[in-house]
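Visitor: I'd like to learn how to read a model like this one. Could you take me through it?
Guide: Gladly; let us look together.

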Amino acid sequence: MKNDCVFCEQALFEDRLIFENERFNIVASLGQITDGGYLLIFPKRHVSCIGEMKVPELEEMERLKDVAFSRLAAGGYGESVSLFEHGIVGQTINHAHLHLIPAVLGSLDDRLMDDFPGNLMMLSGALTDIREKYQVFKKPYLLWNPEKVYRTCWEPNAPKQYFRTVAAQLLKRPERADWKVMDRDIDRSLWEDTVARLSPYFSHPMVRAYEEFLYNLRNSRYSWKITEEGHLRTADNLGYDPIMAVCAFVKWKHCYPGAEMLYAREIGLPEELAIAIIKASDNSWNKEKAIQEIREDLFSTVGL
Ligand SMILES: [Zn+2]
Ligand SMILES: [Zn+2]
């Protein structure tokens, strides 16, 4: 095993793998504290914590985290997700990873304040801010996000699996706190179910193309134009065909009926545009026809 690290050895988590790309894995965690839906996101590159990751890696991790949130909702695990990292403190695996638990951990802030009263606590808007602080401090930290912001607690004297223990207590499942001793059969059935339920939402290549399209669309504030070939392009010219990406949306709708509006809302697609796309796809799936209809509807909807 490379570096003796289980996250560097895919064979050791292959059964639990839900999504992978060039740089990241998303797996169902061992030790499902909730009844399924508990995920880990980690980079393929061996690195000890988020503070040591590179800026583009963190930006991608942030995006994947948003994707995972929407997939958890689409997969029926609810719309509330709590996130944390044992930044070198309390890690049992010495390889950066974010925990995503589909549950509200309401009094987590109070609990951290009580447990580490004299420690430096900070608020950050993005993972890259935490990296920036870490690069200055070079100290261990605990990271969690109760809302839209991230919180960090620096140099806490926390035991291993600290957040897991607290989460298991808050969710009244103390027997699931330690992933190493949790009932193996129960755990296996929960993570197998998680993989089965969520994989389809991650794996379809067109879904992923669409994902990328929307991400870029959102970040370019819906500023679109038509190219000479008649393709719709965002103003910053991202270099792919959004019509195909929109088709992925339609395809996805046909694969997983009912998820599309939830998803449209999640990623901030204007409602009238989402409805136009759905309306255009109400016939049974026919790619050529759908492309034509979507093109017309999309263009008239956004007034191009
Ligand atoms: Zn590793
Ligand atoms: Zn951990």
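Guide: Let us start with Lys 138, which counts as exposed because it has 9 C-beta neighbours inside 10 Å. The rule is that a residue is buried if 20 or more other C-beta atoms lie within 10 Å of its own, exposed if 12 or fewer, and partly exposed in between, with C-beta atoms placed from the backbone. This is a predicted model, in which local features need pLDDT of at least 70 and side-chain atom pairs count only at pLDDT 80 or more, while totals for chains, interfaces and linings use all residues. Residues are numbered from 1 along each chain as its sequence is written, and chains are lettered from A and ligands numbered from 1 in the order in which they are written.

Visitor: Where does Lys 138 lie, and what is its phi?
Guide: Lys 138 sits in the loop between α3 and β7. Its phi is near 50°, a positive value in a residue other than glycine. The labels follow DSSP runs numbered from the N terminus: helices are H or I with at least four residues, strands E with at least two.

Visitor: Is Lys 172 buried or exposed?
Guide: Lys 172 is exposed, with 7 other C-beta atoms within 10 Å. Lys 172 is found in the loop between α4 (162-170) and α5 (184-203), and has a positive phi of about 60° although it is not a glycine. In sequence Lys 172 and Ile 33 are 139 residues apart, yet in space they are 9.5 Å apart, C-alpha to C-alpha.

Visitor: How do I read the sides of a helix, and which residues of α3 are buried?
Guide: An α-helix has 3.6 residues a turn, so residues three or four places apart point the same way. In α3 the buried residues are Leu 127, Ile 130, Arg 131 and Tyr 134. They lie on the same side of α3 because they cover an arc of only 105° around the axis, the arc being that of the directions from the helix axis to the C-beta atoms. On the face turned away from that buried side, α3 carries the exposed residues Gln 135 and Val 136.

Visitor: What do the buried residues of α3 pack against?
Guide: They pack against α1, β6 (121-124), β7 and β8 (150-154). Contact here means that the C-beta atoms of two residues, placed from the backbone, lie within 7 Å. Between α1 and α3, Val 55, Leu 58, Glu 59, Met 61 and Glu 62 in α1 meet Leu 127, Thr 128 and Arg 131 in α3.

Visitor: At what angle do α1 and α3 pack?
Guide: Helix α1 (residues 55-74) and helix α3 (residues 127-137) pack at about 145°, with their axes 9 Å apart. Axes are lines fitted to C-alpha atoms, for helices over the stretch in contact, and angles run from 0 to 180 degrees between N-to-C directions.

Visitor: And strands: which residues of β4 point one way, and which the other?
Guide: In a regular strand the side chains alternate between the two faces of the sheet. From β4, Ser 82, Phe 84 and His 86 point one way, while Leu 83, Glu 85 and Gly 87 point the other way, and all are buried.

Visitor: How many bridges join β4 to β5, and how many to β7?
Guide: β4 has 3 bridges to strand β5 (residues 98-101), running antiparallel, and 5 bridges to strand β7 (residues 141-145), also antiparallel. Strands pair if DSSP finds at least two bridges between them. Ser 82 stands opposite Ile 101 in β5, and Phe 84 opposite Trp 144 in β7.
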